[in-house]
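I opened my notebook for a walk through this structure. Come along and keep the view open beside these entries.

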Amino acid sequence: MDVKRNKMKKTVIHKFLALVIAIGLASCDDKLDLSPAQSIDEGQALTTDSNVKSVLVGAYNDLGNGSLFGGNILRDSELLAANGEIRWAGTFNGPREIFNKSMTVNNADVTGEWLQAYSAINIANNVLSAIDVVNAADRDRVRGEALFIRGVLYFELVKFYAQPYSAGNVNSNLGVPLVLEPTRAISEDSQVPRNTVQEVYNQVISDLTTAESLLPSSNGIYATDAAAAAILSRVYLQMGDYANARDAAHRVITSGNYSLTNTYAGAFNNDNNSSEDIFAIQVNNQDGVNSMNTFFSIPSFGGRDGDVDILQAHLDLYDPLDDRLDLFYMGNGAMRSGKWNNQFGNVTMVRLAEMYLTRAEANFREGTNVGATPLADINRIRNRVNLPSLLVVTLPDILLERKLELAHEGQAIHDLKRLQGTADGFAYNAPEMVYPIPQREMDANPSLVQNTGYGN
Amino acid sequence: MKRKLLMFFALVFIASGLWAQSRAITGKVTDETGEGLPGVTIQIKGTSQGVFTDADGQYRITVPSAESILVYSFVGFVTQESQVGNRTNINIQLMPSVTSAGELVVVGYGSQIKQDLTGNIVSLKAEQIENTPVPNFQQAIQGRTAGVFIESENGKVGQGIKMRIRGATSITGSNEPLYVIDGVPVTTQSQSSSSSQTSPLADINFNDIESLEILKDASAAAIYGSRGANGVVIITTKKGKAGNTRVNLNIQQGFSRPTGKKDWLNAEEYIELFTEAAYNSDLLEGFDPINNPADYPGSWLQFAEGRFDRYSGWSDWRNNETDTDWQDLAFQDATSTLIDVSASGGSDKTSFYISGSYSDQDGILIGNNFQRTSGRINLDHQATDKLKFGMNLSLARTINDRVADDNAFATPLQLVALAPITPVRDLNGQLYDRPTTTYYNGLIENEDAEFITTVFRNIGAVYATYNVMPGLKVTAEYGIDLLDQNEDRFWGKRTFTGQSVDGQGFSRWVRVLNNTSKVYANFDKSLSNGHDLSVTAGSEYQYSSTDVTSVTGTGFAVDDLKKVASAAEITGGTSTLTQFSFLSYFARVNYKINNKYLFSVSGRVDGSSRFGENERYGFFPAASAGWILSEESFLSDVSAVSFMKLRASYGATGNAGIGNFGHLGLYGGSAYAGDSGLQPTQIPNPDLTWETTKQFNVGIDFGLFEDRISGEIDYYVKNTEDLLLNVPVPGTSGFNSQLQNIGEMENKGFEFVLNTSNVRTTDFEWNTSFNIARNRNRVKALDGDQELIDSGSSRWLNVVKVGESIGVFYGREFAGADPDNGDALWYLNTPGSERETTNDFNAAARVVLGDPNPDWIGGLTNNFRFKDFDLSILLQFVTGNQIYNGGGGFQSANGDWFDNQTRDQLNRWQQPGDITMVPQARLAYGNGVQASSRYLEDGDYLRLKNVTLGYNVPSSVLEKANLRSLRIYMTGINLATFTNYSGWDPEVNTDYRSSNINQGNDFYSAPQAKTLTFGLNVGF
C-alpha cells in the first residue's frame, strides 16, 4: 500500500515537472530583443558619411531651438536692455524677471538657454569627433559648420552668463565651462568647472576663425565663410578690438554675396533668406520656431497677447521721416515692432546692414577708411530708409544709427554692455545684468561657482 | 438515463483502480432562513472538481471516496466543509458571514480561502462599488481600502487618477499598481496627446466587476515579480451561475455641481486694487502722477487706466458698468445618466453572464463630458469532467469631450484670470477676445473648438482548464487587451490656436495591442496527518506594441468643415511605433498543517526588453507564514475570540515601469529647413534594470464575539533599492539626465481595519467598517553624495531630497509684508539667522516647507438597514499633506499684473505699521509673487464621500408583479467637504504636470463634482 502511494506521488511529481519544463521551453528568449523604431543606436549614428551629415543638420536644429536663435536669446537681450523703451507686458514670469533684472536662480529661460546651448555644442562635438568618416570632398565644410555652431553658442553663453568683456579682469572673471569633446558617458569628468572669460573668447575666436577658413562662400542656407566672419566681427567688437572687427565686417561686405534689400521692410518677415541675410534660422510651418513672433507679435499674426510693448521713448528716437518708423504699428492695445509678424518667417541671426555699421564704427574709432569712409557707410544705411545724407558723422551718430537699424533684433544688451551703458538704473557690469548659473546646474555640478548676487 | 450514464462513468472510474468507491452525492444547500441557495460552489477538497447548486439550491456531485471532503462556498456566507462518509444525501445550511474569513479570495494565478492567507490582500465585492455615479472604479473605492491612496488630478471627467498602494516606491519609474483583469495585465498608461492624462481604466464598466483584490505585501505580489512592487489590483468580472436566468436593470439619473468655488474681486475692487498698484509703482520710481499731473504721461497709472479702457470694452469702468463673474461661466449644470442591463444564468455545464451598459456624464466644466457604452459576455463550459473552457469578452466605447490642459488659457477655469470689468460679449453679441480680454477668452474655445477622444477598448481572454488527475489541473490562457483611440481636435478661426492659421485640425490614432499567453498548473493535495500542499507554477509571455499616427492641417474654409481633409495645408504628421515584452516563470507553494500553521513560498523570474543586456533577468522571491491561534487549545476555550491569526511575510518585488529602450544610447530624427537630421536623445546605460523593493509585513487578523467585531492590523517596511532614477547630469554634457539604478527609498506604515456588527435584529441592522492607514515615505539616498533633485522650475516647489518624502515642497519661506514699507519678506533660514528676514528672494535659503504626501488616510462606512430601507454613509479623509497653488503668483499676487485677484488680496499692506501677509500692491514689480511658502496650504480634508439611501420593495409586493427585486435609491457623492484649503478643492494635482515628484499642486484645476443621483434597480 505504501509502495503504491509512493509510486503514485512520484508519477504526479514527474508529470508536473514535465509540464512545467514543457511550458518553459515553449517560450523563448529572443522575444526580449526588441529595437526602437524611431531612434538608432549611437554607434550607428556616426559611422557613415550621410549619418554624420544628418547629425550636423541636428545641430542646426538645436541652434534654431526656441530657447536659442529661434528667438529667446534675442528677446532676452532686448528685455535686459529695455531702459524704458520697451515693456514686458506678458504673463510669463521668466522674461518678466529678466526685464526687471531680478532673475531667480531657477528662471526657466535662463535654464533653457543653458541646456539647449550645451546640447547643440555636444552635437557639434560629435560631428567633429567623426570628421574622418565624412567624404574628403565635404570634410572641410562639415568641420567648418560644426565649429561655426560651437563658436556662435559659446559666444552667446559667455555674453549672458558672465561679466562683459568690457568689465575688464577677463583673465579672472569666470566665463562658462568649455566642453570640446562629445559626451559618451556620464562620470566625474562631466563635472566641468568654468573657464575664464578670456579663455572662452579665445575658443570662440579660434572656432570661428577656423570655420571661416574652412567654409565655402556659398552653402545654401547653411553657414558660409561670410557667416563666420560676420559673427567674428561681433566678437571683436565686443572685445573692443576694432581693427579686427572692421576687417571681419569688411570681408563680409566685399564677398559680394549679399546686398541690402531695396526697402527696410523687405529685410523682415521673409519665408526665405533675403539678399541681406548672412545667416538666418530657417522656419516653416513644419519645423523650426519663431519665438520672436511669439512674444513681439500679436494673436492675429500668430503671436501671444502682445507680450512686448514698444514705448514712446523709443519711438521718439526716430526722425519723423524715417521709414523704419513705419514698421511700428498699434496692435492689441500698444505699439508693436513690425519685424516679427511672420509666424513661419526666418529668424535672422546676422544681416548685412550690421556689417556696414560695424565697419563704420570701427573705421571711425581707428581713424581709418577701410572699404569706405564711416560717413559713406552710415549714409548708405540712412538713404535706404529715406533719410537725408549726413555731411559729417560723429560716434554718437554712428551708435544711434546702429541702435535704430538693429532695434528689437537681439543686439541691444550686447551693444549696451560693450559701450558701458546703463539700463533701467543698472550699470553695464551690475551683477543683476548677468544671468545666474541655473540652480539645476549648480546642483548637478559641484565644480561650478555661482555668479555674484545669486547666493552661493 | 442520466443516472445510468453516471453509473457508467462510475464504473469506468472503478475500473481504473485508482478511485475505488466513487459515487454520487445529492443534497440541498439552504441559507439561514432555510431557503434554497442557488449558485453555491461545491468542490471536492484538494481538487478543482466542483459543481454549482441549481435555482432551488439542489446539487449532485460524484465523489471518489468516503474520505472525500466537500467544500460549500458562496460569496457572503461562511464556507463549510463536510466529509462524505457513508452518506449519499448531504443537506447543508450556510450562515451569512460577518467577516469574510471563509470567503474565497482571488490571488495571482489562483484563489485561496481568506482564512488561509498569509499575505495582505484587500478584497472588495461588487455591491460595494456598483452603481457609484463616477466614471472610474478607482473613484468608487476611494476610502474603502486601507493603505490605498487614490487621488483624482482634478474634476475633469475621464482623466488621470493616482493610486498609491503603501506609498510611492519609485522616483522615475511608475508608482501605479499593476492591473490584471480576468488574468490579463491591462494597459493603464495614458495615451493622451496632450500633457494631461486620460485614464484607460475609465473604459471599464465597473458594474461588471464581481470582485476586486488588491495585493499589498511582498508575499501576495511576488508572483507578479518585476511588476509587483507597487501592488497588484486583480479584477474579476461576473460569471453566471447555474439556475434560472436573472435579469437586472438599473437606471440612474443625476446632477452635479462643483464642490467649491473661490472668491474673486468684483469690478469695483479690481479697479481699486490695480489703481493702487500702478500708483505705488510710480511712487517707487519717484513719480507722483496723482499730485503732480506732469508725471502722468508715461506713468504706470496712465498705463493701468489705459488697460482699464481696453478691458472694459463697450462699457465704462469708472462707474462699474460691467461686473462679470467669470468663474460662474466656467461651470455648467452637469447631468448624468446610467442605464445598465445584465443577465446571468446557466445550466449544470454552461453558464453565462452578459451585460450592456450606457452612461453619459457631464463634467462640471463647460464642454466636458464622458460617455461609455459597453457590452460583455462571459461564458464558461464544463465540456467533460476533466475539461473546462470559457471566454470573457468585453467591448467598450468611450467618448470624452475634453477641455484644454490646466495650464492653457483655453481651459475653462482660466477664465477666472479675466477682469471683472470686461463684458463677455461685444455689442454685436460676439465673444470678446484680446485685447479687450486680458488673456485669450476660454469661452471662444468652448464655442469654436473641439477635443474629442474616442476609445474602443476590447479586453478578453480564452482559457481551458484540464484536470490531469485528481488535484492537478493545468490552465492555458490567451488574453488580449486592444485599445484603439482616436483624438480629433479642431480649433476654429477665432480660437487662440486657429486664429493666425485660419483654423487648425489635428487627428491622431493610437493602437495599443497588449497580449498575454500563459500556461500554469495548480496542484492541490491533502497529505496524511492534516498536511495540505498546494503548488502553482507556470510561465507567461507578454508583448505590447503601441502604434501612433497623427496629422495636422491648417487653413479651413469654414469652421463647419473640421476634418483635416478640408485643410489647405498639411503642416505636420508623424507615425511611431514602440514595444515591450516580458517573459516570465513563476511558482508558489502553500503548505498548511492542521489548519493552524500556514507557510507560503513564491517567486518569479522576469525578463524584459526594457532592460540592458547586462541585467535582463531578475528573480523575485517571497516567503510568508501564518499561525491561526484560534485553532490552538489555549484559545479555543476563550469564547470571546472567534478567530485569530498572526501572519508575517518578507520578499522582493520589482518595478519595471519605465519607458521602453531606456538602456540604449540613442539618436532620434529631427529636421531643419526641410533636411532630415539626427540628434542624440539618450545616453546609454547597459546596466539598467528594475528597481527592487524588499518588503516586510507582519499582521494580525482577529474576530471577537462570534465575529461581531473583526479586524486586521498590519505593519510593514518597504525598502526600495537600485531606484530607477533620472539622475540630473551636468547640462554641459549636452544631456539633462540619465536613467540609472541608484538610490534608495523607504516606506513604513501601518494599517488598521475594524468591522463591527453593532446591531443585528430582524428589522434593524447596523454595521460599521473603519480603516485608517499611515505611510511614511523617505528618500534614503540618491546618486552618491547627491542630496537634492531640484524642480528646475521657478513656479513650483516639488523636489526630491534625501531624508524627506518624495516630492516635498522645498523653497523659500515667506514672511509676509515688511510693516515699514510693504516689501515682501522671506526668512533667511541661514544657519544662525534662521528667523531674520530679507526682501531679497535669492538671499533666503531654501528649506523644506511641506509635504504633498498625506500622513493618515482612511474611511468610515456605516451601513444601516431598517426593514426594507437601507442607508450607507461613507466618510473619507486625508490628513497631513500640503497643497501648493502654482497659480498663486497670478491669482493672489497683490496686483502684480492684470489677472483678477482672489479677494484676500484686499488685505494688502497699505501704510507703515500694517501687519499683513499680503505685500504692498505694485504693478509689474513682482513683490512677493515668486514661488514660496506664501502659496502653500494644508490640504487635510474630510469628505462625505458617498451617501446611499435605498428602499427595497418587499417580496410580497414583488410576487404580484412577477419581479425578483425592485429597489429605489438615491446616491450622493462628495455632498460635503470639510477643509481649510482655500482653493477650489483639496483633492487636486494639476493635470499638465502631474508626476511622481510633482504632486499636491493646484493650477486652475477643476474641483471635484458634487453629485446627486436617483436610481431604480429591477430584477426579474
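**Entry 1: the annotated spans of chain B**

How much helix and how much strand is there over residues 471-961 of chain B? Before answering, I noted that this is a predicted model. The span turned out to be 3% helix and 58% strand. Its end C-alpha atoms are 47 Å apart. I then checked the UniProt record, an unreviewed entry, which lists residues 471-961 of chain B as "domain: TonB-dependent receptor-like beta-barrel".

The UniProt record, again as an unreviewed entry, also gives "domain: TonB-dependent receptor plug" for residues 114-232 of chain B. I looked up that span too and found 11% helix and 24% strand. The C-alpha atoms at the ends of residues 114-232 lie 17 Å apart.

**Entry 2: strands side by side in chain B**

Next I followed some neighbouring strands. Strand S27 (residues 597-608) of chain B pairs with strand S28 (residues 617-628) of chain B over 11 bridges, in the antiparallel sense. In this pair I found Phe599(B) opposite Ala625(B) of S28(B). S28(B) is also joined to strand S29 (residues 641-655) of chain B by 7 bridges, and these two run antiparallel. Here Ser624(B) faces Ser649(B) in S29(B).

**Entry 3: two open sheets in chain B**

In what order do the 4 strands of the open sheet with S2 and S5 of chain B stand? I read the order as S3-S2-S5-S6 (chain B), with antiparallel pairing. Strand S3 (50-52) and strand S6 (80-83) of chain B each have a single partner strand, so one side of each is left without a neighbour in the sheet. From one strand to the next, the twist averages 20°. I zoomed in on strand S5 (residues 69-73) of chain B, which is joined to S6(B) by 4 bridges. Ile69(B) has Gln83(B) as its bridge partner in S6(B).

Another open sheet has 3 strands in the order S41-S42-S43 (chain B), also paired in the antiparallel sense. Why is one side of strand S41 (814-817) left without a neighbour in the sheet? Strand S41 stands at an edge with a single partner strand, so there is nothing beside it in the sheet on one side, and strand S43 (837-838) of chain B is placed likewise. Strand S42 (residues 824-827) of chain B pairs with S43(B) over 2 bridges. Tyr827(B) is opposite Thr837(B) in S43(B).

Most residues other than glycine have a negative phi, and most peptide bonds are trans. With that in mind, I noted two places in chain B.

- A cis peptide bond joins Arg434(B) and Pro435(B), with omega at about 5°. I placed Pro435(B) in the loop between strand S21 (387-401) and helix H8 (442-448) of chain B.
- Glu706(B) is not a glycine, yet its phi is positive, at about 55°. I found Glu706(B) in the loop between strand S32 (691-704) and strand S33 (709-721) of chain B.

**Entry 4: helix pairs in chain A**

Two packed helices are described by the angle between their axes and the distance between the axes. So I looked up both values for two pairs.

Helix H8 (residues 197-214) and helix H9 (residues 225-239) of chain A pack at about 155°, with axes 8 Å apart. That angle makes H8(A) roughly antiparallel to H9(A). Their crossing is left-handed. Among the residues that meet are Tyr201(A), Ile205(A) and Leu208(A) from H8(A), and Ala228(A), Leu232(A) and Met239(A) from H9(A). I sorted the contact into 11 nonpolar, 1 polar and 2 charged residues.

Helix H14 (residues 352-366) and helix H16 (residues 395-405) of chain A pack at about 165°, with axes 10 Å apart. H14(A) and H16(A) are therefore roughly antiparallel. This crossing is left-handed. Leu357(A) and Phe364(A) are among the H14(A) residues in the contact, and Ile398(A) and Arg402(A) are among those of H16(A). The contact has 6 nonpolar, no polar and 4 charged residues.

**Entry 5: where the chains meet**

How many residues does each chain give to the contact? I counted 78 from chain B and 80 from chain A. On the chain B side, strand S26 (residues 567-593) gives the most, with 11 residues. That side divides into 35 nonpolar, 36 polar and 7 charged residues.

Ser39(A) has Gly668(B) as its bridge partner in S30(B).

Conventions:
Residues numbered from 1 in each chain as written. Chains lettered and ligands numbered in written order. Predicted model: local features only at pLDDT ≥ 70, side-chain atom pairs only at ≥ 80, totals over all residues. Axes fitted to C-alpha atoms, helices over the stretch in contact; angles between N-to-C directions. Parallel < 35°, antiparallel > 145°, perpendicular 65-115°, else oblique. Left-handed = near helix turned anticlockwise from the far one by under 90°. Contact = placed C-beta atoms within 7 Å. Nonpolar A, V, L, I, M, F, W, Y, C, P; charged D, E, K, R; others polar. UniProt positions renumbered as here; feature names shortened; annotations may be inferred. Pairing = 2+ DSSP bridges.
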